[in-house]
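Please keep the viewer open as you read.

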Protein chains: 4
Amino acid sequence: MMKNKKIDKLWGTAFKKQPKEEAVLFAAGRDVVSVAPADEVLIPFEIKASIAYAQALYEQKIINKTALNKLLKALKELEALYQQGKFKLDPQKEDVHTNIEAFLIKKLGIDLAGKIHSGRSRSDQAMVDILLYIKSMNDIFKTEIKKLIKVLGQTAKKYQKTLIPGYTHYQPATVTTLANMLDAYKQAFKKDLKKFKAWNQLEEISSLGAGAAYGSIFPINKKKINQHLGLKQVFQNEIQAISSKGEAETLMVFNLCLLMNHLSSLAQTLIVFSTQEFGFITISDEYSTGSSIMPQKKNPDSLEVMKAKASICQGYLMSLLSLTKAGFVGYNRDLQWSKYLVMDAINESLLAPKIMAGVIKTMKVNQKTMAQKCSQGFILAQAVMEGLAMEFNLPMRLAKMIVEETVKQSQGKFELKILNQVIKKYPPAGGLKIKVSAKQWAQWTDPLAVAQAQMKK
Amino acid sequence: MMKNKKIDKLWGTAFKKQPKEEAVLFAAGRDVVSVAPADEVLIPFEIKASIAYAQALYEQKIINKTALNKLLKALKELEALYQQGKFKLDPQKEDVHTNIEAFLIKKLGIDLAGKIHSGRSRSDQAMVDILLYIKSMNDIFKTEIKKLIKVLGQTAKKYQKTLIPGYTHYQPATVTTLANMLDAYKQAFKKDLKKFKAWNQLEEISSLGAGAAYGSIFPINKKKINQHLGLKQVFQNEIQAISSKGEAETLMVFNLCLLMNHLSSLAQTLIVFSTQEFGFITISDEYSTGSSIMPQKKNPDSLEVMKAKASICQGYLMSLLSLTKAGFVGYNRDLQWSKYLVMDAINESLLAPKIMAGVIKTMKVNQKTMAQKCSQGFILAQAVMEGLAMEFNLPMRLAKMIVEETVKQSQGKFELKILNQVIKKYPPAGGLKIKVSAKQWAQWTDPLAVAQAQMKK
Amino acid sequence: MMKNKKIDKLWGTAFKKQPKEEAVLFAAGRDVVSVAPADEVLIPFEIKASIAYAQALYEQKIINKTALNKLLKALKELEALYQQGKFKLDPQKEDVHTNIEAFLIKKLGIDLAGKIHSGRSRSDQAMVDILLYIKSMNDIFKTEIKKLIKVLGQTAKKYQKTLIPGYTHYQPATVTTLANMLDAYKQAFKKDLKKFKAWNQLEEISSLGAGAAYGSIFPINKKKINQHLGLKQVFQNEIQAISSKGEAETLMVFNLCLLMNHLSSLAQTLIVFSTQEFGFITISDEYSTGSSIMPQKKNPDSLEVMKAKASICQGYLMSLLSLTKAGFVGYNRDLQWSKYLVMDAINESLLAPKIMAGVIKTMKVNQKTMAQKCSQGFILAQAVMEGLAMEFNLPMRLAKMIVEETVKQSQGKFELKILNQVIKKYPPAGGLKIKVSAKQWAQWTDPLAVAQAQMKK
Amino acid sequence: MMKNKKIDKLWGTAFKKQPKEEAVLFAAGRDVVSVAPADEVLIPFEIKASIAYAQALYEQKIINKTALNKLLKALKELEALYQQGKFKLDPQKEDVHTNIEAFLIKKLGIDLAGKIHSGRSRSDQAMVDILLYIKSMNDIFKTEIKKLIKVLGQTAKKYQKTLIPGYTHYQPATVTTLANMLDAYKQAFKKDLKKFKAWNQLEEISSLGAGAAYGSIFPINKKKINQHLGLKQVFQNEIQAISSKGEAETLMVFNLCLLMNHLSSLAQTLIVFSTQEFGFITISDEYSTGSSIMPQKKNPDSLEVMKAKASICQGYLMSLLSLTKAGFVGYNRDLQWSKYLVMDAINESLLAPKIMAGVIKTMKVNQKTMAQKCSQGFILAQAVMEGLAMEFNLPMRLAKMIVEETVKQSQGKFELKILNQVIKKYPPAGGLKIKVSAKQWAQWTDPLAVAQAQMKK
């Protein structure tokens, strides 16, 4: 990933603050950056799995103590090289497994290194590598979602009494507080978090030891292998262990789809709120971009891209499901593509929660504009109707008809006088014998009081 | 759903047994049957939710005891009418909510029945109806998956020593037992079962009381409402409760995709095994169909359709994810379509686990054909290689090269003699000083012994 | 489909006009209406195909003149019965083919009617039925799209000088006319129309005569059959003819996805324009709905549902593509599901172009509100920049920097004075020796002149 | 893309031929190769578009001859640098547009180079770059599909009289020739070719000159620009030109999905035919891979991966459709992701037709095995039934029942004697007065004669 401090661009001199580097990266996509080879990302996980496997081979007496020690030493050396950026995959060697085995053979000779593959296949190696990778990414997402939840909670606290229209169908339905609205998204992300946690319960399964789907006659002990890996479960059946390739990937990508959809909805809401016509919020320059042609432009690109990435993840999920349909028993090569799909989905969405937290933290809230909208038109019609029903013990259906008639007879403005006129004639024969007082009216048309009464603990 | 005993068809007189009615229904699709209105299916759940809501209104003193009793009596009467097939939705009345409220108003008058909608919106009603529906369907799937698991377990027990090639890439890789192969699918369905159970943990949330997304000023008690509904959780935020429409649906359909993909893979395996060329199994006439033009034809339609339905469910999931992307805050009408999607997905897959259990229970296994394949060609090459490595403490990589060279030098048949010749020259300089004995060879090439040794407890 | 004149609903008494029946149907979805059996829809096409087939059998001397005449008479009688609603599919008979063959056998005896299936299979029958169905639906869509194009053209004519901000990223970028904006959608639908026409070129292929994928030894003449059907092309290869099941369906559904995506984008634009905050247009009551709880509510449901249906079609396409992947040579039963998918996609979108035309025709345009936005803020910055560049032969990049600096120094309002101040200092050393005159400024900041100059013929 | 001559791998010493480099690349996926930055691929297209734009600016007198010549010289120099691998994108500069404009400014100074952006936006630049890219890729696909069609045609010619069972539902339905089967796929690819050609008719539209979606006040002449670009059409409306971003991409990816699905079906057929159990064909070592654990393994990876890539393309299509749904009028940043989707889809499938042509050309056909299957069991039942119906003028339905009864009474083998016995008793009362002669029987059960008679010209 690009780590530059400064990015030249054809826009932005009208900005007061320059966009955040991570926001630029998030929005820039893959225009000027390449996607790393998949197996490069897996190197540390392959090393970890090989260490676990070597230890287990020793415990089963397949290799002796000396061999173990040499292997461990070589693997740790390899890890250090990798950390220092000195170990690169050689594309002449098919994959990460071949590269690392070749490293060991070169270092330790085939007599020793040639033993580490005892009872192991590239199939179970590949399974465990990607699983360890997903697990670590899943942990990162959990952390980032928690941070976003925290930011939403903190921001909500600042706006407990800040009025904002409550919309349905893009139309004002009633009033609420900005705190309540932010809390809604907080709850959505809490739900996502539960799903990321469920991944560990449902898919964190070790398959190392399953070979190429049918085990081996080596006295492999799958539980001991896993003691070294530390995963939640151990596979129950070799065939299923390998045939299930793509499943941990699929659940991960599905969860990403859910997260990204929640983020895309919050993004859409903020995009609309930040239009000049709504004018409810101002997105910080740090999360905006300009135009190559329009000098005044400030665009909410970070948020638009959030929506793009939601769509992107959906396609990866679709590919995964199509890919894993109707496979013949045992491993089939088609399944390899599940690796790229999960990696692409993770890469596309990795920065998303962080960017959203940044947008929320830095946005300017135009409280006055929002408050004005909360006493315009008939936005409090539901409250008046409910007040009427409660106060005079009217059936809701009747109260609703009365208020609808009031709305119909009014000229864009809600008035007590008209309401009482309607009541008098309702139902036609005689009319109701009730009258709404100015005090009642004031209570039902106090936006903040209404907003707070509507929320239930 | 069609409940006929006998179906006329243009084929099948060559069959010994007639297809099962449920298998015909499963494969016939929607050719001659219609899909019921969505809200017809929801009637019992709407009644259940209305009963709960009425009770909670009483507890909050919004209606009195007499009103409650009248409402409950009317709702129970309605339920009885529905059970007897005497209550049908009137298409003049927009939806199930309008139909049932109209029934109550007609029965009890607007003064009483007009109160049940106090603080309630069609939005939260619709949410809770579909949730109760999904919950009940989820329970059915859990039951059917358990039954399928049981059938697989019982069938596996019968074939503990039945040899079958273990395939990868559609090619024989090694040998295994049919029991082991059936157990692999059993484990897959156990994994699915865990996911259907997780739905309850993750999505069984009551949203009744959230109104149209912003609550109401009626003193609604969301927890009391839910005590009557008995769902696992209560919503935390009104906006989120309603904006989350489609989420319980999405997880349900995702789980169905996983289940159907597992079923489709088992189906594909059985289709291939039942080709005349493999000849491993014979699908019972009860789960087969014939041709309108080819007199001898017997087709594994039940299994082919399983694959179709896996694809079908994937599309519904895709629609759900696209539908719920980038929604503006609060309820939007687009979300209504999530109802049809989850219902269609459930209807398409409802019979699938049962049909598969039937296919497994009634299939004929041609053990001799399978056993023959387990000693042909080089199917035991892995075992010989591993035996060699273990017995003589050779590195796997070396043992593999030796066996590969043996395969290359052989004429379609694995021979000890050639193996020992290869060993003598390997590595070139001098050759290894070992020799495989006839006893060792016999052990490594005994398919059942190998199959059993490969499986790990 | 429901044909009721009046629909009872829990809302709408505040409306001046009642919603159009077709708008209610469009938005009501499948709540209270059922989906007809697929083969019921195919009856007229099966009759048409059978007539063509009988004629061709006669021409090949497989049946004689008397037999032909009897078959034709019976088929025409059947068609009359169907038109009068007197012929219904018997669900005891598997499908439309079986039902109609049974009708013929009952009417004419097996000796005669038993011959019509000579060389024919349900596979090629099913192919041709659905093809004729899609062709007729494709014709309807072409007609409806043309009508929508016409409405957009007529409406655009009314608003040639009506200013509206030109948005990018939901932010005002410059000014344009409403006519230009409507024309953009007109062009989009013209592009769609070309694609619906291309379907005929690419997929209108007769497969009748291909049997069950391998022809028959009857001397069937595929070209003569098609002379009676009148389709554009005749299949080239029996296997491909039948294996291609799902392909005409897939292209149709893909085209529907494109159409619905265009409609969804227009819908989204109108939804945003009709928010109270934008206030650019007012959707007619005829295409709106109300709320069961909020008396003042008027929602753009017709447009929201348009978006839902775009998502719905995407899922059907996905299912089709997943379904038709990796099929083994020849016909496989999975493919039958392509029928329901194309029918569902067509049913969901059939009313969409008409509804959109209605919305456009009846919407109220609030020209004043739109015009106000066209002279606010820096909306004309691009025009000023371009004027500057053109008039003084400045490089665009320099002109852009000058205008950006002007925007930065201004307080929300674009002023000539500040522009000239900036120019004087730009580039820092000395500044430019030019000055914008009041006349030039007036020209560059005249919204209508700018809007018109920007559009190219 | 990796261009290595030799790839080290953990398998393959048992192979007689080494896998083709392109087959290894195709199957290796992205394990050890990276994906290039998207805009790197676009460099030559951006240069081409800039040349066209500069020329058109000159023709409109926006720049003078000297300026034009300098720009053209600099752009050609840039192209030469790029071709020599000496021009790389600087990731500090946001995209290809910024990079190239920066190059020009550095080379020619801002006074001159700063003019090339007159009336141009990154939006229309990006549109035209990707369009030119897709067009060139579409041309490559057309060429490769034609080659594949040719190979299928040539191979078919070799197997005109080679019998093979004709399958439906994975079961033998009748007999046919291998030539006929290969021709079926040839026809499928011819259909694909028509669709790739239709892309040019439907989507080859120049949008250069549309600016950021609303044109510019510069006197840009869109038709002249396009004369230099040479595309089929010119945009009709600026807004639509830019809002349509993603549409040329979507049709391209859709066509790729269709192509890949055809390839995946041929792949699946060949995978099944090359199982040891079918044994119909042998895939060349050049298109196979081995196992890291099983010494004897030879897997049809090239074909399996073909299926994976079909699924992969489906996901990209899905993302594109979800991405382009419900966009607000004008350009939105979400659309940028359409670029990566179309590029990824193209990259994944680019080698597919060539690989398939290679597999077909090099596969070994085991004619004897296939021929044996063509006279086994009841594979000729349809021919016998049709012969019976034709010869004795029986209704097909009756002939079918007779043959079905014959099948039922036979013991796995089709016999004339049993057929004649059944005829005698059919229908029950009295039986038919006909008898099949040995000569007739021989004719109806001659596989090659039947196969040829079934195919229609």
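The crossing of α2(C) and α3(C) is left-handed; a left-handed crossing has the near helix turned anticlockwise from the far one by less than a right angle, and a right-handed one has it turned clockwise. The helix names follow DSSP runs counted from the N terminus (H or I over at least four residues for helices, E over at least two for strands). Before going further, note that this is a predicted model, in which local features need pLDDT of at least 70, side-chain atom pairs count only at pLDDT 80 or more, and totals for chains, interfaces and linings use all residues. Residues are numbered from 1 along each chain as its sequence is written, chains are lettered from A and ligands numbered from 1 in the order in which they are written, and side-chain values use heavy atoms, with hydrogens and water left out.

Helix α2 of chain C covers residues 38-59 and helix α3 of chain C covers residues 65-83; their axes come within 10 Å and cross at roughly 170 degrees. Therefore α2(C) is roughly antiparallel to α3(C). Axes here are lines fitted to C-alpha atoms, for helices over the stretch in contact, with angles from 0 to 180 degrees between N-to-C directions. On that scale, under 35 degrees is roughly parallel, over 145 roughly antiparallel, 65 to 115 roughly perpendicular, and the rest oblique. Among the residues that meet are I43(C), I47(C) and Y58(C) from α2(C), and L68(C), L75(C) and Y82(C) from α3(C), where contact means heavy atoms within 4.5 Å. By class, this contact of α2(C) with α3(C) has 12 nonpolar, 2 polar and 4 charged residues. Nonpolar covers Ala, Val, Leu, Ile, Met, Phe, Trp, Tyr, Cys and Pro, charged covers Asp, Glu, Lys and Arg, and polar takes the others, Gly among them.

Now step back to chain A, where the assignment, from an automatic or database source, gives domain 1 (38-117), domain 2 (130-208 + 243-372) and domain 3 (377-454). The C-alpha centres of domains 1 and 2 of chain A lie 37 Å apart, and 8 residues of domain 1 are in contact with 8 residues of domain 2.

How do the chains relate? Chain B can be laid on chain A with an RMSD of 0.1 Å by a turn of 180 degrees and a shift of 0.0 Å along the axis, superposing by least squares on C-alpha atoms of residues with pLDDT of at least 70 in both. That is the relation of a two-fold axis. In chain B, M318(B) has the C-alpha nearest the axis, 3.5 Å from it.
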